[in-house]
Amino acid sequence: QVQLVESGGGLVQTGGSLRLSCAASGSIYSGNAMAWYRQAPGKQRESVARITSGGSTNYADSVKGRFTISRDMAKNTVYLQMNSLKPEDTAVYYCNADLWGRPILSWGPGTQVTVSS
């Protein structure tokens, strides 16, 4: 079964940058979109970025202009470049395959992003 492992999180100050990676154990990018989600304490998980098999991208308004999603098909990896980070970006970040805007694989461990003010 496909396994997802997120990495790259950490503690940064406001205005800093992080680059998250999502490695998949199987070939999941050929026919599926991929998305990054985040969940803060007491809040629902929300989608923040999405990339289709054709390379089209879209972003939540809260991160638009600051985050960039990309992929490397050869490495079976999806990335999330996060710039101009704000305290409200603090959350656990997850990746998943996406079908009609819904995650379809088991969740990985996620990676913690903490932005200090």
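**Strand pairing and salt bridges in the predicted model**

Strand S9 (residues 91–99) is largely enclosed by the rest of the structure, because eight of its nine residues are buried. Here buried means under 20% relative accessible area, exposed means over 50%, and partly exposed lies in between, as calculated with a 1.4 Å probe on protein chains only. The model is predicted, and local features were accordingly considered at pLDDT of at least 70 and side-chain atom pairs at pLDDT 80 or more, whereas totals for chains, interfaces and linings use all residues. Residues are numbered from 1 along each chain as its sequence is written, and side-chain values rest on heavy atoms, with hydrogens and water left out.

Strands are DSSP runs (E, at least two residues), as are helices (H or I, at least four residues), and both are numbered from the N terminus. Two strands are taken to pair if DSSP finds at least two bridges between them. Strands of a sheet pair through backbone hydrogen bonds, in either a parallel or an antiparallel sense. Strand S9 runs antiparallel to strand S4 (residues 33–39), to which it is joined by seven bridges. Within this pairing, Ala33 stands opposite Asp98 of S9. Three bridges connect S9 to strand S11 (residues 111–116), again in the antiparallel sense, and Ala91 has Val113 of S11 as its bridge partner. Strand S10 (residues 102–103) is likewise antiparallel to S9, with two bridges between them; here Leu99 is partnered by Arg102 of S10. The hairpin formed by S9 and S10 has two residues between the strands, and Trp100 adopts a positive phi near 55 degrees in this hairpin.

An open sheet is formed by four strands in the order S1-S3-S8-S7, with antiparallel pairing. Strand S1 (4–7) and S7 are the edge strands, each pairing on one side only. From one strand to the next, the twist averages 15 degrees, where axes are lines fitted to C-alpha atoms (for helices, over the stretch in contact) and angles run from 0 to 180 degrees between N-to-C directions. Six bridges connect S7 and S8 in the antiparallel sense, and among these strands' residues Thr68 has Gln81 of S8 as its bridge partner.

A salt bridge was assigned where a side-chain nitrogen of Lys or Arg lies within 4 Å of a carboxyl oxygen of Asp or Glu. By this rule, five salt bridges were counted. One of them joins the side chains of Asp89 and Arg38 at 2.9 Å, N to O. This pair links distant parts of the chain, 51 residues apart: Asp89 belongs to the loop between strand S8 (77–82) and S9, and Arg38 to strand S4. Both Asp89 and Arg38 are buried.

Asp89 also forms a salt bridge with Arg66, at 2.7 Å, N to O. Distant parts of the chain are again linked, as Arg66 lies in the loop between strand S6 (57–59) and strand S7 (67–72), 23 residues from Asp89 in the loop between S8 and S9. Asp89 and Arg66 are both buried. A network of salt bridges links Arg38, Glu46, Arg66 and Asp89.

A salt bridge was also found between the side chains of Lys64 and Asp61, at 3.3 Å, N to O. Lys64 is exposed, with a relative accessible area of 51%, and Asp61 counts as exposed at 67% relative accessibility.
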